[in-house]
Amino acid sequence: MSPAPALTSFRAIDVIRKKRDGIELSRGEIESLVSSYTHGDVPDYQVSAWLMAVVLRGMTRGETAALTDAMLRSGEVLDLSALSGKKVDKHSTGGVGDKTSLVLAPLAAAAGVTVPMISGRGLGHTGGTLDKLEAIPGFNVNLPVAEFRRVLAACGCCMIGQTAEIAPADRKLYALRDVTGTVESPYLICASIMSKKLAEGIDALVLDVKTGSGAFMKKEEDAVFLAELMVETGERMGKQVVALITDMDQPLGCMVGNALEVVEVIEVLHGGGPDDLRQLCLELGGWMLHLGGVANTVEDGKKQSEKLIASGKAFDKFRRMVELQGGDLRAIDDPKKLPKAQHTMTLPSPKTGYIASMQAEQIGTACVILGGGRERKEDSVDPAVGIVLHKKIRDAVSAGEPLATIHYNAESRAARARQRLEQSFQIAAAPIREKRPLIHRVIGHEAESGAKN
Ligand code: URA
């Protein structure tokens, strides 16, 4: 594709047609589209058409850089240099049951790293950090920038959503992509994640790029492509960036659903929780502490992370952040006080055998159907609903034994979710030998010192 001459006056229809026909857009055209949409001068339906053309046609590196820059510059770029220490964030490309951010922000802050975290809501079948945080009664993710700085200075971490000030273009585009089948594009994911991360005033970024049945990038090579795109984009802006390609062939941990996931976060911060979730938190935490300059190596960062959990310091930091962001500490100290669904039903195993695989995307979609995510842009999220998995891949199961428990508030939704779940587990007669690694690869900054299984 060769660059097309810039259009003299911007019309969204021209940009849609060019992308549809595979012609490279100029930086000016991309800037005009992003800025017009952010200001409400281009309607959702035109941008939806353009997004779909991008999904189908892709983008060049130049277009991806222009889109990231335009989204980044749609708002304020924070300067946090007045705060001491290195500013490090972590971001996941999205998965099912992925609640690591809620553990990692306070964990790294407890080690002395400043974590300014701007997160997203649920996208497609994946859960969103903001929706999970809002399951804590009173927790405010909509802090203005001045308050964001105040919380950061007071406790070292703060978790908010995009504001009108920070990457507002991503907030609008993200919500539109969620309901138009336009999430699965490495170029759009890269621009979305990197624009909000680069706006945060960070020095370093740890990326968790998911691969497997519950990820947007089902194939490892696609995850690697996205990881390289994001690392390159971050480094171009002078940041230290590392990307871990991690497994999402089954939900992370056992809980899927907003309040349920907060329960599991609290378990991990108390030193318990499911093995895969705890291991991934320690691995990502090790990288955050290393890039944050408080650990000489990733291994040292992992050891420090374990100690911060064992000593209760990471949990205390989480409590402090919740308090400063208006959350009800009674629900943190006693998770039974978190929102609870009115009903539960179990899903029994149809046969005896071993869990061979799970369709993690279907499990995420079942949670969305229950009301744990959005099917339309204007939908509100039910914090209480979700799914508790009783089995993970390779586990033995007997006929009739529960595979999962559905937590629900509406019968009709539960019936639809159950249908999805029934198709989500594949059970084999013989034990499963193959074990997928939790960390597939590490890409970027000092990758060779961190690659582990
Ligand atoms: N997370 C984001 O912030 N944006 C995406 O597009 C996908 C995952």
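Analyst: The volume of the largest cavity is about 270 Å³. On a 1 Å grid over the protein atoms alone, a cavity is a set of points where a 1.4 Å probe fits but cannot get out, and lining residues have an atom within 4 Å of a point. Grid points are joined across faces, edges and corners, and a volume is the space filled by probe spheres set on the points. This is a predicted model, in which local features need pLDDT of at least 70, side-chain atom pairs count only at pLDDT 80 or more, and totals for chains, interfaces and linings use all residues. Residues are numbered from 1 along each chain as its sequence is written, and side-chain values use heavy atoms, with hydrogens and water left out.

User: Which residues lie nearest the centre of the largest cavity, and how many line it?

Analyst: Helices (H or I, at least four residues) and strands (E, at least two) are DSSP runs numbered from the N terminus. S1, helix H5 (100-110), H8 and H9 each supply at least two residues of the lining. The lining has 24 residues, and those nearest the centre are His91, Ser92, Thr93, Gly94 and Tyr174.

User: How does the lining of the largest cavity divide into nonpolar, polar and charged residues?

Analyst: Ala, Val, Leu, Ile, Met, Phe, Trp, Tyr, Cys and Pro count as nonpolar, Asp, Glu, Lys and Arg as charged, and the others, Gly among them, as polar. By this rule the lining has five nonpolar, 14 polar and five charged residues.

User: Which space does the ligand take?

Analyst: A molecule sits in a cavity or pocket if more than half of its atoms lie within 2 Å of its grid points. For the ligand, that space is the largest cavity.

User: Which polar side chains are 3.0 Å, 2.8 Å and 2.6 Å from atoms of the ligand?

Analyst: A polar contact is a pair of N or O atoms within 3.5 Å. An N or O atom in the side chain of histidine 91 is 3.0 Å from an oxygen atom of the ligand, and for arginine 177 the distance to a ligand oxygen is 2.8 Å. The 2.6 Å distance is between a nitrogen atom of the ligand and a polar side-chain atom of serine 192.

User: What share of the ligand's exposed area does the protein bury?

Analyst: Accessible areas come from the Shrake-Rupley method with a 1.4 Å probe. The ligand taken alone exposes 240 Å², and the buried share is 97%.

User: Which element gives the most residues to the shell around the ligand?

Analyst: Strand S1 (88-92), helix H8 (168-178) and helix H9 (186-198) give two or more residues to the shell. With four residues, the element that gives the most is H9.

User: Which element supplies the largest share of the lining of the second largest cavity?

Analyst: The second largest cavity has a volume of about 120 Å³. Its 17 lining residues include Thr126, Gly127, Glu261, Cys367 and Gly372, the closest to its centre. Helix H11 (258-269) and helix H16 (360-372) each supply at least two lining residues. The largest share is four residues, from H16.

User: What is the volume of the largest pocket?

Analyst: A pocket is an open set of points with protein on both sides within 12 Å along at least five of seven lines. The largest pocket is lined by 28 residues, with 13 charged residues among them. Its volume is about 690 Å³.

Methods:
Polar contact = N/O pair within 3.5 Å; in protein donor to acceptor, adjacent residues only side chain to side chain.
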